[in-house]
Amino acid sequence: MQNAAVFLVEDNKDFADSLCELFPYRGHKVVLRASNLEEALSIINSNQLQENKVGVAVVDANFPEAEGKFEVLGGPVVAKAIKDAEPLIKVIANTAMAKRHVTYGDVYADKCKCPESLFEAIASL
């Protein structure tokens with residue numbers, strides 16, 4: 001996929017900021033961003049994915065349920081909510097978990113090999 005409008009779900013602020021800076025160099029743009037499950041679901045349920053013409057969602061596996069709350073395995077929850085709301089959006093599971101343990105997403109990207117693995121995943125869509 002080229003020139004992707006991206007929904008980024010990532011709790012590590014520095015990592016997310018870096019991705020936001022790098023995406024334009026590959027022709028992509030982060031148009032929506034969430035750092036926890038509550039924010040992600042709010043964006044999905046408020047029709048912002050469609051309004052911002054999101055084509056790709058980059059979703060981490062583990063992140064807080066809400067600001068200041070415990071970490072949860074939210075990636076599968078967010079991926080399902082995205083697919084239920086907008087089935088054509090491609091979901092990339094961007095995580096350091098081994099691929100065999102990842103149960104969500106259309107494509108897997110190894111966070112330990114980021115950003116190249118992520119850009120390769122987007123290109124494969």
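Is Arg26 buried, exposed or partly exposed? Select Arg26 to begin: its relative accessible area is 42%, so Arg26 counts as partly exposed. The classes are defined by relative accessible area, with buried under 20%, exposed over 50% and partly exposed in between (1.4 Å probe, protein chains only). The model on display is predicted: local features need pLDDT of at least 70, side-chain atom pairs count only at pLDDT 80 or more, and totals for chains, interfaces and linings use all residues. Residues are numbered from 1 along each chain as its sequence is written, and side-chain values use heavy atoms, with hydrogens and water left out.

**Stop 1: around Arg26**

Arg26 sits in the loop between H1 and S2. Helices (H or I, at least four residues) and strands (E, at least two) are DSSP runs, numbered from the N terminus.

**Stop 2: the aromatic pair**

Next, select Phe23 and Phe119. The structure holds 1 aromatic pair. The ring centres of Phe23 and Phe119 are 5.7 Å apart and the planes stand at 85 degrees, so the pair is edge-to-face. Phe23 belongs to the loop between H1 and strand S2 (29-34) and Phe119 to helix H5, so the contact ties together parts that are 96 residues apart in sequence. The criterion takes rings of Phe, Tyr and Trp (its six-membered ring) with centres within 6.5 Å; planes under 30 degrees apart count as stacked, over 60 as edge-to-face and the rest as tilted. Phe23 and Phe119 are both buried.

**Stop 3: a salt-bridge network**

Which residues are linked with Glu10 in a network of salt bridges? Select Asp60 and Lys111 together with Glu10 to display that network. A salt bridge is a side-chain nitrogen of Lys or Arg within 4 Å of a carboxyl oxygen of Asp or Glu. Between Glu10 and Lys111, the closest N and O atoms are 2.8 Å apart. Glu10 is in the loop between strand S1 (5-9) and helix H1 (13-22), and Lys111 is in the loop between strand S7 (107-110) and helix H5 (116-124), so this pair ties together parts that are 101 residues apart in sequence. Glu10 and Lys111 are both buried. Over the whole structure, a search finds 7 salt bridges.

**Stop 4: salt bridges within helices**

Move to helix H1 and select Lys13 and Asp17, which lie 4 residues apart, about one turn of the helix. Their side chains form a salt bridge with an N to O distance of 2.8 Å. Lys13 is exposed at 53% relative accessibility, whereas Asp17 is partly exposed at 24%.

Then select Lys80 and Asp84 in helix H4 (residues 75-85), again 4 residues apart and separated by about one helical turn. This salt bridge has its closest N and O atoms 2.8 Å apart. Asp84 is exposed, with a relative accessible area of 54%, and Lys80 is exposed as well, at 53%.

**Stop 5: a charged surface patch**

Finally, select Glu38, Glu39, Glu65 and Glu67, which form a negative surface patch. Patch residues have over 30% relative accessible area and no salt bridge; like charges are joined within 9 Å, and nonpolar side chains (Val, Leu, Ile, Met, Phe, Trp, Tyr) within 5 Å. Glu38 is located in helix H2 (residues 37-45) and is exposed, with a relative accessible area of 52%.

Notes: Areas by Shrake-Rupley, 256 points an atom, 1.4 Å probe, with all protein chains shown as cover. Lys, Arg positive; Asp, Glu negative; His and termini not counted. Charge placed at Lys NZ, Arg CZ, Asp CG, Glu CD.
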